[in-house]
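Colleague: I would like to learn how to read a sheet and a ligand site in a model. Can we go through one together?

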Amino acid sequence: MAVRVKVFSTPTCPYCKQAKEFLASKGVAFEDIDVMSNPQGLKEMRAVSGGARTVPVIVIDDVVIIGYEETDMARILREKGLLNN
Amino acid sequence: MSSFPKVTIYTVKGCPFCDNVKALFKEKGIEFHEVDAPPQSDQWFDLVKKTGSGALPQILVGDEVVGGYLDVIFYEASGILYQKLGIIPSEDHRKVETLYDVIILGAGPAGLSAAIYSARKVLKTLVISGNIGGQVTWTYDIDNYLGFSQVNAQDLIRKFKEHVEKYGVETIIGQEVISADITGRIKRVTTSDGRSFYGKTLIIATGGQHKRLNIPGEKELLGRGVSYCSTCDAPLFAEAEVAVIGGGNSALEAVIDLIPIAKHVYLISLTELTGDPLLQNRVKQAKSVDIFVRHKPLAIIGKQEVEAIEILSLDENKTKTLTVEGVFVEIGIMPNSSLFVDVLATNEKGEIIVDEMCRTGVTGVFACGDVTSVPYKQVVVAAGEGAKAALSAYNYLINRK
Ligand SMILES: Cc1cc2nc3c(=O)[nH]c(=O)nc-3n(C[C@H](O)[C@H](O)[C@H](O)COP(=O)(O)OP(=O)(O)OC[C@H]3O[C@@H](n4cnc5c(N)ncnc54)[C@H](O)[C@@H]3O)c2cc1C
């Protein structure tokens, strides 16, 4: 099955790390795109987010979240059936 | 219900507590009859005759005087109001509200530490917070917390959280508290989803947030060039011209983060630089940095994203526009005290002034951590203050009757 969650991040950003740790701890598969070393990824991030120049940008299917707030992300994952509790 | 409402509310236009009272009765589905009673009017003299007081609002149930807004909160939370109205609070009228011994606002180190002390005193405790961890979630490692020579910030928060959960403290996470009535015997706080919670005491541990410039363009272009986290977003500005606002250590560190990445960095400070001389030297020596001290940012300009920043020279009273793609705002932390500034004493920074027992001056209301005037904003200090606030709340509860 295709991975439905993408995290655009930089290696120095604590919120990105928290988002990734949260997903990993819940067993949600995700693709991590380091936009610092990957200019193509940065372009993609800015395209999907309507020009955001901040990390993390988290994409869950068709939903784009700019910034990380655990409760928001958990709610969307739950709505998408990606989180069981 | 009788055809004519039993509750009478005397009000006057433009009085916020009058609106609060009406909103409360509406929320609880209790009918009332409103009498507009501007001072010196016939209605007002009538009120004074009935109650002996001309204060507005005044609430009467039948002929019995309940008092003002704070009295209504107390009557409502304690159930007395429903007794007087002769109604059994049904699901529609009122879910039987829990009266907590302690409501703690904020789940940073201060609030969580308070929760542990409060729970261990077997006080019925509720923690309400936007998130868990507070400012600790903004950083990677904490190097100076007792017992850990270096600890990952995320792990430290997880440990705090597990510790609190072990005592079965009730928590509501992910909700902002949007209003608080704290001067009465019973404290009432309302969250952004419209629910209210009642407590005999309140511990304010709402910490701090990034200070804003409050200039045009800042809010509109947040995440589109405006950033409060240079460690996060600096790598997205490769080969760009950027501005850093501020003159203290966090601003200087942001410049140092940006030097190897950006094409050019403007450092803009309202005052002379105040950060460590060592950091100042590194910034001053960098070729790609221009420093504007005694300059005030006026506006951030851009349609879809940041295009420029306008600054004013305080000495020459001249404005200048710098072409930049990014603006990093690093002007410090401000206390999250805005809900309380009308009622509690605060210092010039907006920090809530507390005494050595974390008392605020309003009985039953305590404050701790970065939101207070206690100096040295550190995790270990916040945790210690949280413990003190909870013990003070406990002492207050056993001594009041
Ligand atoms: C980048 C950075 C690095 C740091 N590094 C260190 C370090 O290495 N060592 C150290 O000791 N200290 C460090 N500190 C300082 C330390 O993080 C703070 O002193 C500490 O977190 C303060 O704790 P607190 O509980 O008072 O407030 P906060 O941590 O600010 O927590 C406040 C909580 O209240 C909640 N809240 C606020 N308003 C509301 C509302 N209206 N409704 C609901 N909830 C609300 C917030 O969501 C948050 O959870 C650092 C701070 C920063 C910013």
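Modeller: Start with pairing: two strands pair if DSSP finds at least two bridges between them. This is a predicted model. Here 2 bridges join strand 14 of chain B to strand 21 (residues 326-329) of chain B, and the two run parallel.

Colleague: In what order do the 5 strands of the open sheet in chain B lie?

Modeller: The order is 14-21-15-16-17, with parallel pairing.

Colleague: Why is one side of strand 14 and of strand 17 of chain B left without a neighbour in the sheet?

Modeller: Strand 14 (226-227) and strand 17 (289-293) of chain B stand at the edges; each has a single partner strand, so one side has no neighbour in the sheet.

Colleague: Which strands does helix 8 of chain B touch?

Modeller: Helix 8 (residues 249-258) packs on the sheet and touches strand 15 (241-245), strand 16 (264-269), strand 17 and strand 21 of chain B. The direction of helix 8 makes about 165 degrees with that of strand 15.

Colleague: Now the ligand. Which residues come nearest?

Modeller: A residue counts as near if one of its heavy atoms lies within 4 Å of the molecule. Of the 30 residues around the ligand, the nearest are B:N131, B:V177, B:D370, B:Q378 and B:V379. A polar side-chain atom of B:N131 lies 2.6 Å from a ligand oxygen atom, and one of B:Q378 lies 2.8 Å from a ligand oxygen atom.

Colleague: How much of the ligand does the protein bury?

Modeller: Taken alone, the ligand exposes 1000 Å², and the protein buries 85% of that. Strand 6 of chain B gives the largest share of the shell, 3 residues.

Conventions
Residues are numbered from 1 along each chain as its sequence is written. Chains are lettered from A and ligands numbered from 1 in the order in which they are written. This is a predicted model: local features need pLDDT of at least 70, side-chain atom pairs count only at pLDDT 80 or more; totals for chains, interfaces and linings use all residues. Side-chain values use heavy atoms; hydrogens and water are left out. Helices (H or I, at least four residues) and strands (E, at least two) are DSSP runs, numbered from the N terminus. Contact means heavy atoms within 4.5 Å. Axes are lines fitted to C-alpha atoms, for helices over the stretch in contact, and angles run from 0 to 180 degrees between N-to-C directions. A polar contact is a pair of N or O atoms within 3.5 Å; within protein, one must be able to donate a hydrogen and the other to accept it, and residues adjacent in sequence count only if both atoms are side-chain atoms. Accessible areas come from the Shrake-Rupley method with a 1.4 Å probe; for residues, only the protein chains shown count as cover.
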